[in-house]
Amino acid sequence: MLSAMTKTLLALLIIFSLFHVPAFAVKKKSYIVYLGSHSHGPEVSSLALKRVAESHHELLGSFLGSHEKARNAIFYSYDRHINGFAAVLEEEEAEAISKHPNVISVFLDKGKKLHTTHSWEFMQLEKDGVIPSSSLWSKARLGEDTIIGNIDTGSCNTAGNVSCNRKLIGTRYFNKGYLVSAGLNSNSSFESARDHNGHGTHTLSTAGGHFVRGASVFGVGNGTAKGGSPLSRVASYKACWPPVNGSECFDADILAAFDMAIHDGVDVLSVSLGGDPADYFADGIAIGSFHAVKHGITVVCSAGNSGPAPATVSNVAPWILTVAASTLDREFQSFVQLASGERFKGESMSKALPAGKMFSLTAGAQAKLANASAIDAMLCKEGTLDPHKAKGKIMVCLRGNSSRVEKGRQAAQAGAAGMILCNDKASGNDITADPHFLPATHINFFDSQALFSYPDVTAPGVDIIAAYTREQSLSGLEFDHRTTAFYIESGTSMSCPHVAGVAGLLRTMHPSWSSAAIRSAIMTTARTRDNRVSPMLNGSYVKANSFNYGSGHIRPNRAGDPGLVYDLTLNDYLDFLCAVGYNQTMITLFSESPSYKCPKEASVVDLNYPSITVPNLTGSSVTVTRKLKNVGSVGTYAANVREPHGVSVNVEPSVLKFDRVGQVKSFKMTLKPKWVAKDYAFGGLTWSDGKHYVRSPIVVSTA
């Protein structure tokens, strides 16, 4: 157990290791048998844990025919807070077990993915972990007025040259589910929490890294780096490894990591991974996070990078704080200026060409070798560019099919002075600052069209700088040996730890707040306008909506004093599960609360969530109920409604008076359709006392 002194922020980083391995097909597969909760006291004995494992052997043995077969099949017994086990089973065996009265669910471990868009494309080999030598970990000062005593580092697995200190107080790894799914035996490569890729170090330092001056990527983006909660203690729980059939993180290992993190007494868990939405009782993250929230832990997860298509969000359980990714007002700008004076803004992390000198442009198709196809040369693929045609010129390459950095390498090897990487229509406005091998810039599709029409041419979450491993090259390409202590990464993997860091600060400022109160404070103080006070735009430069940004872009300072919060208890989440159709028996096992009974008229729309969604407003009206808790000063709050298009909204009462801190007031919102719309409509509700603005998005469909 970790000592009380360490409980500021401990971030769960799901990370993976070194060697690419082939998938291994077996008839028996990895299944999770989920049984609910344990009722251990605060200090659980080794004997009690042994009894849990024996109970799992007995249950499975009753289906397999013997305890010995059960012991051989089970590779994890979740014995601390989560009750269940992971075992290698045949499909028929799994189906039979699911009918047992004490079993909540049995599900196949299909695996999940990390939520990061690497700076390179089309790479198969990926590696990851946590680097204890990073300068963000070497600083452990908690403030001049803080007395630092003995620090209990919990468990620090030192395999693979990993060590802990006053900042990084614990490291663990979980690999059994991965090894079973990959069909591998364990070796030293899979028995370390060390980072060989950078994802773990990057996300963990973003959540809780200390102040480090002079952080840059080869001199670009120079400044002071720090995490969202820089004075916190951190720990790493490694449960992801090289891809197996596209999956890197398996539910068996994820549940083991959650169970141990809860046991260790963490305050905040940051989880930058996910999979397709699934039944709550067939999703390791949903199950693990519920048990974490039940123990007062705030769980922050990434929403995934599959947008902007609808219904692509991961980690949708209502007890999770789910985070999307947005851009910020920092760009690694790289400009292209044509002889006509026309200028295009792109991005790159490479050096610039000499100022005041003009270079000829040539498209890849115009510089192709005689035996190469124009299409391949336009993509600047290996072996397609003629040095006699490319030397000293700026090569124009089309994005796609191969790594962005590899295209620049091919242009450099052909003797080009620089490269312009142009987006195709599918890539749109998605541009990235890459560490190219020659002066280069990456421009969007709109500018690319203009560039291709220039007379001299005959034939461009995001960018977050954080700590990185020196065991991984910048581009991921085999020939690239460049390394750096800091690097940029993009994706919801990077946005998730930002919010986890803020949650850690709020937990320190308001130790009595629940995880739901912390989530509400972050959501209701968010804004939907950018720093120019203009509406936020999506990736296509079209006005964004709640499906793009949720409640909006976080404002940490405002979240520290939200005025009011939408709070939730464990029973509120159980009411929600009743409303979506789970039966009383399953929920009793899930919650370990025999006294809880499903309400007769539980409603999904009445979950006391900081947002209000009515997906089926097809009748005369729908009324939703919400409760607000005062966590600020006394005062009177008035409701201000921005009605969704085609919907009338009435709030009763429209004024709430709070006489004391902790007081709870409820209100009802009635929504009536004026006409049937083809799509969702968006609005908002704001409660304000003149100082605080407690804003909730309203999303309605009348179709």
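In this predicted model, one aromatic cluster is formed by Tyr34, Tyr280, Phe281, Phe290, Trp319, Tyr573, Phe576, Tyr582 and Phe590. The structure holds 21 aromatic pairs. Phenylalanine 281 and phenylalanine 590 make up one of these pairs, with 4.5 Å from centre to centre and 55 degrees between the planes. This pair counts as tilted, because a stacked pair needs planes under 30 degrees apart and an edge-to-face pair needs over 60. Phenylalanine 281 and phenylalanine 590 are both buried.

Helix H1 covers residues 46-64, which is 19 residues. From its first C-alpha to its last, H1 reaches 26 Å, close to the 27 Å expected at 1.5 Å a residue. The buried residues of H1 are Ala48, Leu49, Val52, Ala53, His56, His57, Leu59, Leu60, Gly61 and Leu64. An α-helix has 3.6 residues a turn, so residues three or four places apart point the same way. What do the buried residues of H1 pack against? Their partners include three strands, E1 (29-37), E2 (74-78) and E3 (82-89). Two helices, H2 (67-73) and H3 (91-97), are also packed against by these buried residues. After H1 comes glycine 65, which has a positive phi, near 105 degrees.

Helix H6, at residues 199-208, is mostly covered, with 10 of its 10 residues buried. Among the buried residues of H6 are His199, His202, Leu204 and Ala207. Gly200 and Gly208 also belong to the buried residues of H6.

The next topic is a sheet. Its 3 strands are ordered E12-E14-E15, and this open sheet has parallel pairing. Why is one side of E12 and of E15 left without a neighbour in the sheet? Strand E12 (268-271) and strand E15 (321-323) stand at the edges and each has a single partner strand, so one side of each has no neighbour there. On average, neighbouring strands of this sheet are turned by 20 degrees against each other, with direction ignored. Strands of a sheet pair through backbone hydrogen bonds, either parallel or antiparallel. Strand E14, residues 298-302, pairs with E15 in the parallel sense over 3 bridges. Cysteine 301 stands opposite threonine 322, a residue of E15.

A helix also lies across this sheet. Helix H13, made of residues 492-509, lies across E12, E14 and E15. The direction of H13 is at about 165 degrees to E14.

Key: Residues numbered from 1 in each chain as written. Predicted model: local features only at pLDDT ≥ 70, side-chain atom pairs only at ≥ 80, totals over all residues. Heavy atoms only, no water. Phe/Tyr/Trp six-rings, centres within 6.5 Å; stacked < 30°, edge-to-face > 60°. Buried < 20%, exposed > 50% of the residue type's maximum accessible area, 1.4 Å probe, protein only. Helix = DSSP H or I, 4+ residues; strand = E, 2+ residues; numbered from the N terminus. Expected span 1.5 Å × (residues − 1). Contact = heavy atoms within 4.5 Å. Pairing = 2+ DSSP bridges. Axes fitted to C-alpha atoms, helices over the stretch in contact; angles between N-to-C directions.
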